[in-house]
Amino acid sequence: MTGPTAQRFQHALFRLGQWLLGHRGGPEGDIEPGLSVVEKDAGVRQVRLWIGTLVHDCDAETVDATVTVTGPAGDARVTTTLLRFGFDSERAVSGWKPDTRFFHGHVVVDHLEPDAWGEATVELAPVPGLREEHRRGSCRVRTLPPRIDVGGSLTALVGSCYDADTDTTNALDAAFRHLRDHVAAPDLTLLTGDQVYADAPAKFYGTMARSTPRTYGLLEYWTSWGMQRYGEHRHLGMRELMGHGPHWFLPDDHEFWNGWPHASVTARHSYANIGRAGRGELRRRLAALRHRAGTEIPYPADPGPPPSDPLVQNYHPPHPDEWDAWGRSAFDLFGSFQTPSVRDRDTGRITRGELDDDPAADPLRPPRHGPRGEVHRPLNQLVQRIDLDEVQIALLDTRTRRTRRTDDHRYSAFVDDEQLDRVLAIAAEAPILVLVSPQPLLVPPYRTRLRDRPLGARVERALDLQIADYPDQYARFWDGLVAARDGRPTVTVGGDIHSSYIGHSPELPLLEVVSSPMSLVAGSTLTETLFAAPARLLRALSGGSAIRDPYAPGAPLARIGDLRSRAAVGDADDVGDAGDAGDVAVSLAGLGRGSPEGLGHFTLTHPEEHRFVLTAALHLRASLAAGHTGGTREVTVELRTDRRGPDAMGPPEVTPQA
C-alpha cells in the first residue's frame, strides 16, 4: 500500500496512538510548548548546558538565548543561538502544523570557580508564538573539583532504565527529591542507558512511531524530561533530576530499539519492509556461514552511504543510515538530549534532524566526513572522562559500535579497539578507577554460561546479547583491565538488567554497583510483548532468574578465571595464565527479585592521605518516595592508593537492612 491511501492509513494510526495517549484536543496540543535547561558534563572551570524549547505558531528558523550563571560558581554571561530540529517530512502523517517547532543547542560557560554550585538562567529572545512564561528557565549547575582533597568527598547518583509510561504517579520525582534533600545530594549523575524507551510501549510504537521516528522520539524524550502532559495529568518525569547539577549519559539499546543493532520487525513498520529485513538477515547468516574466521573483511570505499555487503554488515559497526531515519533519528535525539555528538563537540553545532539529511545542504554530514577506505567514524562519544586527579571516572559506550556477529576473533567487537585502548590507558594511570558502562561487567562469558546452564544461556543470549557474548574482545578487555589496574582499587558501574546489586571481587580488588531500573518498562516492544511469557517459561525450566534471585547476598557473579579466558574454564588446571578460577566475585547486597525500581549512589570520601572510603547504596524507589530509607542496602569499603592486591580494598561492611 503506497501513495495517498497509505498516508491516510498512517495518519489514522498516528491519531489513534495519540488518542490512546490522552491527546484528544487536536494537533496543536499533541506536544506541549515549554523551555528546558539541563547541565550536561562539566569541567573544573566550565559547565555545558543543553537548552531545548518547543514553540507553537512559530515561523522562525533560530532562537537567540542569553545564559547567565550566578552564585558561588561565579558570574558569567554568554549568548547562543538555538537551531531548529527538522521533522517536516513526517508532518503529513503526524498532522502537526508547520509552525510547531523544536529548537535546541549546547553552550559552554567558561571561566567559573572550581568545585562550586551556581544557578544558570536562560532567557530566550522574543519570536512569534513564544509565550512569555516560556521565555525563561533555569537549573542548578556545578563545576568539578580538580581533585577530592583530604577531608573532602564526592557523591555520584547512578541510575538507568526509565520508562515514562510507567511513572504516571511521579514516583521517581518524589524519590529523587527525598534522596537529594535528606540522604545524599549528588554532585554529579551517571545515567547508564535506556534513559528513554523510544520503542515502547508497543501500542504507541506501533501507531504513532510507525512512520514518524523523529516526531515520536522527540515526544518520548520531551515526556521523559518532564515537559509533557498525559491528557490533563502533568508528568514530572526526570525533570527535577535533570535540573540538579551535571549529568553524564551512556546509550543502550532502547534509545534505539530492543536489541539494537539487530533487526527489529517493528522498526520498519510495513509488511514489505519486514520481508526485506528478513531477507537481509538471511543474506547475513549465509555470508557468516561461508566466512572463515580471521579472513579479511572489506572496508567500504566510501563511508557515506550504508554498505550493502552482508559481510561488512556482519563484522563492522552498523552504519547510522542503514535503517534510514529509524537509526539516524535515534542518534540525532541522543546527541541532543543526552551526550553531545562528536561533531557537536568539535564544531559547536548541534544536529538539525532531517535538515541535515540533504548532502547538498551538508556535504560533510557524518559519516561522510570520514576517510575513504576505512570503517565509518562514530557519531557519538564512545569514551568520556571525568578527571579528579587520583580518582578517574571513565564512561565506555559498549552499544553503538557493536558488530552483529560475535564469532570472529579479529572483527567481532562491542566497541572499536582504539576506544577500548583509551579506557585501558586511563585504567593504567588511575590510582582509583571508576569504570561506567551500560551493562554489568561481572558477567561470565557465554561459553561459561552455556556450560553451567545449557538451555538458560541459549535463551538469554537469543533475547539479549551482552558484551560478555563477544568472547575475544571481552577476554581482551578483562586481561587488559586486570593488567592495567595491577591490584589497585577499581569500581565498576552498570545498569540495564532490571536488577540492582553491589558485587565484590576481593582479589582484583573490585566493587561493582548496578542500578536498574528507575521505572520498569511495561509492554516494551511488540516482539517482547508476544514472547515474554514463553521466555519466562523457558528461563524457569532452565533454572534461570525466573525462579531464583541471581543477585541475592552471597550469590556468585563470575569466576575471575572465566572472565579472562576465551574458553569455558572448568578448574584451575585449565586456566593457565588466566588466573585462579577459584577467585569468585559475589553479590554483597541487592534490592531483590521482581525488578523493583530503585536508585543508586556512591560517595567517595578522602579522610587522609592514601586512604579513601567508598560507600555504595541502593534505594528502593517506593521507600524514598514515601519519605523513608527502609529499603536501603549499603556497602562500605576502604580504598588504599598506597597498596596493591587484596589489601588495596578493605573488607566490605554491609549495613543490615533497616
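Is Leu 20 buried, partly exposed or exposed? Leu 20 counts as partly exposed, because its relative accessibility is 36%, and that label covers values between 20% and 50%. Keep in mind that this is a predicted model. Here's a quick tour, starting with that leucine and moving on to a sheet with its helices.

**Around Leu 20**
- You'll find Leu 20 in helix α1, which covers residues 3–21.
- Together with Leu 16 and Trp 19, Leu 20 makes a nonpolar surface patch of about 280 Å².

**The sheet**
- This open sheet is built from 8 strands with mixed pairing, and the order is β13-β14-β15-β16-β18-β17-β20-β19.
- At the edges sit β13 (383–388) and β19 (556–559), each of which pairs on one side only.
- Going from one strand to the next, the twist averages 20°.

**A closer look at β15 and β16**
- Strand β15 (residues 432–436) and strand β16 (residues 490–494) run parallel, and 4 bridges join them.
- If you want a spot to look at, Leu 433 stands opposite Thr 490 in β16.

**Helices packed on the sheet**
- Helix α11 (residues 417–429) packs on the sheet and touches β13, β14 (391–396) and β15.
- The direction of α11 makes about 15° with that of β13.
- Helix α14 (residues 471–485) also packs on the sheet, where it touches β15, β16 and β18 (510–514).
- As for its direction, α14 makes about 160° with β15.

Key:
Residues are numbered from 1 along each chain as its sequence is written. This is a predicted model: local features need pLDDT of at least 70, side-chain atom pairs count only at pLDDT 80 or more; totals for chains, interfaces and linings use all residues. Side-chain values use heavy atoms; hydrogens and water are left out. Patches are made of residues with over 30% relative accessible area and no salt bridge: like charges are joined within 9 Å, nonpolar side chains (Val, Leu, Ile, Met, Phe, Trp, Tyr) within 5 Å. Accessible areas come from the Shrake-Rupley method with a 1.4 Å probe; for residues, only the protein chains shown count as cover. A salt bridge is a side-chain nitrogen of Lys or Arg within 4 Å of a carboxyl oxygen of Asp or Glu. Helices (H or I, at least four residues) and strands (E, at least two) are DSSP runs, numbered from the N terminus. Buried means under 20% relative accessible area, exposed over 50%, partly exposed in between (1.4 Å probe, protein chains only). Two strands pair if DSSP finds at least two bridges between them. Axes are lines fitted to C-alpha atoms, for helices over the stretch in contact, and angles run from 0 to 180 degrees between N-to-C directions. Contact means heavy atoms within 4.5 Å.
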